[in-house]
Amino acid sequence: MMVLADLSLSTVIWWLIVGLIAVFLASLVMRGGGYGIVGDIIVGIVGAFIGGWLFSLVGIGSGGFIGSIIVAFIGACILIAILRLVSGGMGGRGRRTL
């Protein structure tokens, strides 16, 4: 049986803020357009989970606000790279049609 963390309003707001900051930084590094505000939040939050999972595999923990942003940033960069591979690049940008 899976136990979910206590979801309070402050926890959700924390996830949204960390997700937005992480995906903003990741989009600067990865150089590309965003996915819209809702898409960016989702990419940031999913990236945070990916980063947290990867960091836990190698035994590295993150603490505090800055640590959470770093882990989420790395996860968001990985997720953006995967999304670009799956979608064939940067969406409609850079493609030439004949």
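This dialogue walks through how to read several features of a predicted model.

Q: What share of the residues of the protein chain counts as buried?
A: Burial is read from relative accessible area, with residues under 20% counted as buried. Of the 98 residues of the protein chain, 24% fall in that class.

Q: Which share of the contacts with a separation of 6 or more comes from residues 24 or more positions apart?
A: Here one asks how far along the chain the partners of a contact lie. In the protein chain, residues 24 or more positions apart account for 75% of the contacts with a separation of 6 or more.

Q: At what angle do α1 and α2 pack, and how far apart are their axes?
A: The packing of two helices is read from their axes. Helix α1 and helix α2 (residues 36-57) pack at an angle of about 95 degrees, and their axes are 7 Å apart. Since angles of 65 to 115 degrees count as roughly perpendicular, α1 and α2 are therefore roughly perpendicular to each other.

Q: Which residues make the contact of α1 with α2, and how do they divide by class?
A: From α1 come W15, L16, G19, L20 and V23, while α2 contributes I37, D40, I41, V43, G44 and I45. By class, eight residues of the contact of α1 with α2 are nonpolar, two are polar and one is charged.

Q: What does L16 touch, leaving aside its neighbours within four places in sequence?
A: A single residue can be read by its place, its accessibility and its partners. L16 has its place in helix α1, and it is partly exposed because its relative accessible area is 32%, which lies between the cut-offs of 20% and 50%. Once the neighbours within four places in sequence are left aside, L16 is in contact with I41 and I45. The C-alpha atoms of L16 and I45 are separated by 7.2 Å, although these residues stand 29 residues apart along the chain.

Q: How do the axes of α2 and α3 cross, and which residues make the contact?
A: The axes of α2 and α3 come within 6 Å and cross at roughly 110 degrees, which makes α2 roughly perpendicular to α3. On the side of α2 the contact is made by V43, G44, V46, G47, A48, I50, G51, G52, L54 and F55, and on the side of α3 by V71, A72, I74, G75, A76, I78, L79, I80 and L83. The residues of the contact of α2 with α3 divide into 14 nonpolar, five polar and no charged.

Q: Which residues form the largest nonpolar core, and which helix gives the largest share?
A: The largest nonpolar core has seven residues, namely V23, A26, V43, A76, C77, L79 and I80. At least two residues of this core come from each of α1 and α3, and the largest share, four residues, is supplied by α3. V43, a member of this core, is in contact with V23, Y35, A76, L79, I80 and L83 when its neighbours within four places in sequence are left aside.

Q: How many aromatic pairs does the structure hold, and why is the pair edge-to-face?
A: A pair of aromatic rings is described by the distance of the centres and the angle of the planes. The structure holds one aromatic pair. The rings of W14 and F65 have centres 5.1 Å apart and planes at 65 degrees, so the pair is edge-to-face. The pair links distant parts of the chain, with W14 in helix α1 (residues 9-30) and F65 in helix α3 (residues 64-87), 51 residues apart. W14 counts as partly exposed at 38% relative accessibility, and F65 counts as partly exposed at 32%.

Q: What does I21 touch, not counting residues up to four places away in sequence?
A: I21, whose place is in helix α1, touches F65 and I69 when residues up to four places away in sequence are not counted. With a relative accessible area of 31%, I21 is partly exposed. I21 and A72 are 51 residues apart in sequence, and their C-alpha atoms are 8.7 Å apart in space.

Note on methods: Residues numbered from 1 in each chain as written. Predicted model: local features only at pLDDT ≥ 70, side-chain atom pairs only at ≥ 80, totals over all residues. Heavy atoms only, no water. Phe/Tyr/Trp six-rings, centres within 6.5 Å; stacked < 30°, edge-to-face > 60°. Buried < 20%, exposed > 50% of the residue type's maximum accessible area, 1.4 Å probe, protein only. Axes fitted to C-alpha atoms, helices over the stretch in contact; angles between N-to-C directions. Parallel < 35°, antiparallel > 145°, perpendicular 65-115°, else oblique. Contact = heavy atoms within 4.5 Å. Nonpolar A, V, L, I, M, F, W, Y, C, P; charged D, E, K, R; others polar. Core = buried A, V, L, I, M, F, W, Y, C linked by side-chain atoms within 4.5 Å.
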